[in-house]
Amino acid sequence: MYEKMRESAAFLSRAFGGRIPSVALVLGSGLGPLADELKDPVTVPFGEVPYFCRSTAPDHAGRLVLGELSGKTVLCMQGRLHGYEGYTPAEVSYPIPVFKLLGVKTVILTNAAGGINLDFSAGDFMVIDDHINFTGKSPLTGPNDDRVGPRFNDMCHVSPKDLCVLADQAAKNCGLSLRHGVYVGVNGPQYETAAEIRMFRTMGGDAVGMSTVFESIAAAHCGLPVLAVSMITNMAAGVTGNALSDEEVKEMAAKGGERFQTLMREIVALL
Ligand code: HPA
């Protein structure tokens with residue numbers, strides 16, 4: 001596995017002309033347009049990178065864009081892979097250790113999520129202080145390669161406190177408010193039942209979504225610090241009594257996209 005990762009990283013390093021990204025930004029549903037803002041961009045479709053899988057999710061462009069944002073060299077993943085597409089957890093998280101080999105120092109994971117916490121509203125942003133992996137799966141299942149990370153890795157310090165504080169400072173600088181909470185990662189693709197959401201609330205969950213936990217686990221494994229931010233695109237099942245739909249999620253992601261990009265620009269500036 002490590003050899004494959006090195007091959008992927010070497011390919012990307014050549015494609016990027018030796019430019020080294022310090023930040024990797026994984027852009028979730030509806031949040032992809034941020035990559036279009038990068039200066040001096042170099043774009044590589046996932047399908048061209050050795051051992052990367054193509055994204056099949058609607059509205060996920062499925063490409064890597066390297067460029068300059070807020071004075072830093074940033075590598076954006078425009079679109080990501082999900083377990084519900086049929087990819088294994090290891091396939092979903094494969095790019096993360098490759099980013100580490102490329103020289104990335106911080107990973108920012110973003111996603112659209114449903115609000116479980118009744119104090120939240122659609123349109124809020126939430127820093128993921130911690131997560132509950134409710135998929136029942138791990139990207140680290142199978143033989144371990146110690147060159148990537150240890151067999152048993154700590155998960156208490158995936159999102160270092162200083163990055164969560166930095167996100168608060170960034171939000172303050174641009175006049176945005178920021179929630180903090182626990183993200184529950186589920187497989188999907190179906191949205192949750194109202195009973196599942198009540199259970200997640202009892203368990204301590206604040207938001208729910210179908211991504212991010214595998215990438216966080218892979219980042220913890222290879223020792224890459226993570227800052228993860230959710231956009232609450234809808235209140236979760238059973239909260240308002242309305243049926244959930246992909247249209248609602250997309251509409252809110254588009255509506256909040258501008259504010260989200262402002263926040264991301266400022267976060268990258270402060271890193
Ligand atoms: N549930 C799961 N995933 C989601 C949701 C939700 O309510 N909203 C956006 N992604």
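A disulfide is taken here as a pair of cysteine sulfur atoms within 2.5 Å. The structure is a predicted model, in which local features need pLDDT of at least 70 and side-chain atom pairs count only at pLDDT 80 or more, whereas totals for chains, interfaces and linings use all residues. Residues are numbered from 1 along each chain as its sequence is written, and side-chain values use heavy atoms, with hydrogens and water left out.

With that cut-off, a search of the whole structure returns 0 disulfides. The cysteine sulfur closest to that of C164 belongs to C156 and lies 14 Å away, which is too far for a bond. C174 is likewise in no disulfide, since the nearest cysteine sulfur, that of C164, is 16 Å away. C164 has 6% relative accessibility and therefore counts as buried (under 20% relative accessible area, with exposed meaning over 50% and partly exposed the range in between, for a 1.4 Å probe and protein chains only). C174, at 24% relative accessibility, counts as partly exposed.

A pair of aromatic rings is described by the distance of the centres and the angle of the planes. Rings of Phe, Tyr and Trp (its six-membered ring) pair if their centres lie within 6.5 Å, and planes under 30 degrees apart count as stacked, over 60 as edge-to-face and the rest as tilted. The structure holds 4 such aromatic pairs. One of them joins F46 and F52, with 6.3 Å from centre to centre and 55° between the planes, and is tilted. F46 counts as buried at 1% relative accessibility, and F52 counts as buried at 10%. The rings of F52 and Y94 have their centres 5.7 Å apart and their planes at 90°, so this pair is edge-to-face. It links distant parts of the chain, 42 residues apart, with F52 in the loop between strand 2 (39-45) and strand 3 (63-69) and Y94 in the loop between helix 2 and helix 3 (95-102); helices (H or I, at least four residues) and strands (E, at least two) are DSSP runs, numbered from the N terminus. Y94 is buried, as is F52, and ring pairs link F46, F52 and Y94 into a cluster.

The second largest pocket is lined by 16 residues, of which M1, M5, P139, L140 and P143 lie nearest its centre. On a 1 Å grid over the protein atoms alone, a pocket is an open set of points where a 1.4 Å probe fits, with protein on both sides within 12 Å along at least five of seven lines, and lining residues have an atom within 4 Å of a point. Helix 2 (89-93) and helix 6 (213-222) each supply at least two residues of this lining.
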